[in-house]
Amino acid sequence: MVDLIAKTPLAGILPINAGETVLTEASPASITSVMPHQGREKALGEALKKAHDIGLPAVGRSSGTAALRMIWTGRGQYMLVGNKPAARALARSSTLTDQSDGWAVMQLTGDNAAQVMARLCPLDLRAASFKNGHTARTELAHIMAVVSRIPKGFEIMVMRSFAQTAVTSLQQAMDSVAAQWTRT
Amino acid sequence: MSRLPTGGLLDRSQQIPFSFDGETYLGFKGDTLASALLANDVRLVARSFKYHRPRGILTAGSEEPNALTQIGTGDQITPNVRATTQEIFRGLCAKSQNRFPSLGFDALAVNDLLSPFFSAGFYYKTFMWPKAFWEKLYEPIIRRAAGLGALSGAPDLAHYDKAFAHCDLLVIGSGPAGLMAALTAAKGGLDVILADEDSRLGGRLNSETSGIDGKAGHVWAAETVAVLADMPNVRLMSRTTVTGAYDGGTYGALERVSHHVADARAAAPLETFWRIVAKRTILAGGAIERPIAFPNNDRPGIMMASAVRTYVNRFAALPGQDVSIFTNNDDGHRTAADLAALGVRIAGVIDTRADVAVSGDYPVLSGAEVVDTAGRKGLREITVRTASGLRKIKTDCLAVSGGWNPSVHLTCHLNSRPVWREDIAAFVPAENAIPGMLVAGAANGDFSTHAALKAGVDAAKATLKDMGRKTVRTTLPKAEDTPVSITPFWHVDGGKGRAWLDMQNDVTTKDVKLAHQENFRSVEHMKRYTTLGMATDQGKTSNIGALAIMADLTGRSIPETGTTTFRPPYSPVAMGALGAHGADKGFAPERFIPSDLLAREMDGVMVEAGLWYRPSWFQKPGETHWRQSCDREVQMVRDTVGICDVTTLGKIDVQGKDAAEFLDRVYSNMFSTLKIGRVRYGLMLREDGMVMDDGTAARLGERHFVMTTTTAAAGQVMTHLDFCAQVLWPELDVQFISVTEQWAQFAIAGPKSRELLDALCDEPITNEAFPYMSCGDITLGKIKARLFRISFSGEHAYEIAVPARYGDALSRELKIRAESFGGGYYGMEALNVLRLEKGFVTHAEIHGRITADDIGMGRMVSDKKDSVGKVSSQRPGMSGPEREQLVGLKPVGAVKQLLGGAHLFNPGDEAIRTNDQGYITSHCFSPHLGHPIAQAFVKNGRARIGEKIRMVDHLREVETLCEICSPVFLDPEGEKLRG
């Protein structure tokens, strides 16, 4: 019987840091895409509430807690990230697809996290515009990404094959920001 | 030394050595290269563009046309750096440009003597014939003689950054107007970015002696900046030039991050190119003093009057010992007053106005003009024409003031034209020139300090109101409110010698007159004919003077004559900054396959497939040519078993009540009839009936399919499916999402593939459980995997998919097991040979102009249902003998070579376009057959199997006689597949 060893997308690559900014790999137990059946958004919302006490997030928002978050990722599409979801209960109103291996999840934290993001992502990520619970499907260094605000910085999801390039770009930006002195 | 013993905004405790043209000098922290050179009595700093005239420093800002230097050492040199904006730092190595052998003696100064030949339009008229001489003789010579800085030719190793910033209000310029605007808006709660190109915020306040609220202007500025720096909603961006205004409140800005730093850490960029998105903008960019054109007005020592004040007041550097001033307005007298206060000898103030109201403790010549100057490498003497005749005055510095031009440039970037204001004899921005932008202070023609402060407050309050914010209380600081008093005076008539307008491109008043004479009278024509304003300074000090002369000549007013168009960037931006992170690997993101590490360990030679990197072949010891590796890998698959990472193929999970119906509509063939656990090859057409993509789809459940796409078209197919589901058939209950990255997938192909799998899997793989074109779940130890019995090689083959986290481990396990059978990995080249031998197509064939019938799949467009592209595919001309059809080719003559892209002609026909019979799309050497084979499109090809056809490659000059054959060269019955 073969015994294959699992590797996370950024095993051996993260964590890295530059100055105060730290980039770590988050390895959620599960990532599941959730797509409501036609006209079943409300039913999905209720099932989600019942099973996990999470509301269905609006466009550009995420809901839930660090243990299990529901992230809006597109038209009729969400990602449940964290603990394994109650698949059976949710499947009555939505299509679930396992994406646990498809995405690399990173957390960029520290005082200069916003400065780092400003070098890679064109969105307005100021704290007042992109608050806790806000999320965006956007680009990060020309890579399609899901960027969410977390309490100490940003959570960045990119598709697994892009993970190394994303880290290379993040590392460059982190080093650049760390090397620049305080403005006068 | 011309450094004043006290004063200036310098840190005299920090003495900084730097070099210019090999000589080492000392300056202070706070000096620019220009101020430090002046303080060291260096006045000759450059040679001019065309005539190699000795030139000095004209201005104290980014508008400088003359004092361009190159910075750096070795092959890492930045050319055309303005000495007036470059701060000095320890070890700064600057050199003058465009001189040979040295700045003091420039051999090409002979051009100056030949100046009658080099006037505007000279090249156009002179170097026309003979035609061949232009490129080979004239142009190289002219290019060597003319020019500014030179590039080393080596790649720029400096690091540049690009970044984005967002704010409620962008304030451009930090003079009195900008500071008050930023302060007022910030107090009102707006998120403010204050950007200024200078290293020290404060604008003209740092250069003038008039005070604010009883303090020196620069003290008030520093205090205000300190207040702003402490506000959390304010971001100060010094050394940041806003270079362009674009749509939607977006501005380009260039930040000089480490041009001025001796020991910049390696990761710090030289420059950062910002894109600032602002809800509102206040332009407070100030004004630029303009010169007056008079004969020989380009000698070192002749500078702008405001620049003289900057050098004296801000940098404590005295540009001359015997200063004269030439002005047409009251502002010029400020320079006299400042210098007189410092005890500098004033040789005279020459005022063009007959009725000069201002006076001081210095001689004033009213109604006078400077008509000539002397001193080759530095001003020595001027000749002044007064009512009583010519008079020579000894002077080593002539400060010139022709009035001020508001910096309207940014307001014109969206095609607005500035408006002439007679009272100040200058252009000001049109109202609403840029949506969301207000203009304040000198940039709007409000030249007094009081007016600027007030305009800054007013603009900020208007912005607050416009954005629905509460207004704030402000007290306006007290400052001078001198009215503008100017009598327009553009150029001195008569006199000998040339009067220079554009110092950087060596354009004189005579050139403008010549342009007029030759009927280039529109300012845009005049600009191009004379090249005025086309140098790196974009004519900041010369445009208005030139168009005033053109107005004179044509008898029109200045507003009627108009300005040329100001376009971004406001000041030069290095290509390196615009292209930051775009070089080398930064050009596009890289996608890595699950077996990437193993492939590289195995000396796999990687090739790009879209953004993916896949191994082309695996080079074994002793193999010196890719064909050896490729042939071995092909033979290996045919004889034993080969492994290939096929993760890059698009995988789309399709689910929902109407999933089967959805697939029936997007695929040309039927999928609703596919049994669970079975796989079918599918063809997808575009709406126009051409083939879009092909692949397989597996049915995992009643309402669950996994579709595969080609690597290249994965994105296109996903977009297409989204369009179909959202726009064409929103009534279908179907959900789909990419799972390309979720699964690591490997092809296992060859006669030993089942044996390999049997050993790997927990359950034996039988022909009954997994017949050809079937699929199902299997277990690998603790892992649930998917197995598909499909083949792209013609061999008995499978594809196994595991969750991607196990991809690396499985790739290694498969290597060991394949090698135990004498097999191993194969790359893209072998994959291509295998599919060509079997007659399968790729996007080399289905290239976008190919129908299903063209590739022999016409019957795959089901007539039992409708599907995307079906109706279009049935139009006349979409199938039939008139079209080029897919066939195989094999060489039958002495020449065996087949080449991709080569065209086909009937034997005996001339190889010209009108006789074209088709072309080759793919070719390879077939180890199985022992000769090259190809796939080609040939007119009515299927009916011509067995005929001879001639391949002609016009580019590579190869001709090969071929026989048209079936594209399937191997196992046409498919016995191997089903074995």
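This is a predicted model: local features need pLDDT of at least 70, side-chain atom pairs count only at pLDDT 80 or more; totals for chains, interfaces and linings use all residues.
Me: How do you know that domain 1 of chain A is in contact with domain 2 of chain A?
Reply: Two residues are in contact if their C-beta atoms, placed from the backbone, lie within 7 Å. By that criterion, 8 residues of domain 1 of chain A meet 8 residues of domain 2 of chain A. On the domain 1 side, strands E9 (135-140) and E10 (143-150) of chain A each give two or more residues, and E9(A) provides the largest share, 3 residues. Strands (E, at least two residues) and helices (H or I, at least four) are DSSP runs, numbered from the N terminus.

Me: Why is chain A called as compact as a globular protein of its length?
Reply: The globule rule is 2.2 Å times the number of residues to the power 0.38, and the radius of gyration is taken over C-alpha atoms. For 184 residues the rule gives 16 Å, and chain A has 17 Å, which is close; therefore chain A is as compact as a globular protein of that length. Its secondary structure comprises 4 helices and 11 strands.

Me: What makes B:Leu547 of H12(B) a buried residue?
Reply: A residue is buried if 20 or more other C-beta atoms lie within 10 Å of its own, exposed if 12 or fewer, and partly exposed in between, with C-beta atoms placed from the backbone. B:Leu547 is classed as buried, as are others in H12(B), including B:Asn543 and B:Met550. Their cover includes helix H10 (509-517) and strand E25 (404-406) of chain B.

Me: How do you know that the span of H12(B) is close to the expected value?
Reply: The expected span is 1.5 Å times one less than the number of residues. Helix H12 (residues 543-554) of chain B has 12 residues and reaches 16 Å from its first C-alpha to its last, close to the expected 16 Å.

Key. Residues are numbered from 1 along each chain as its sequence is written. Chains are lettered from A and ligands numbered from 1 in the order in which they are written.
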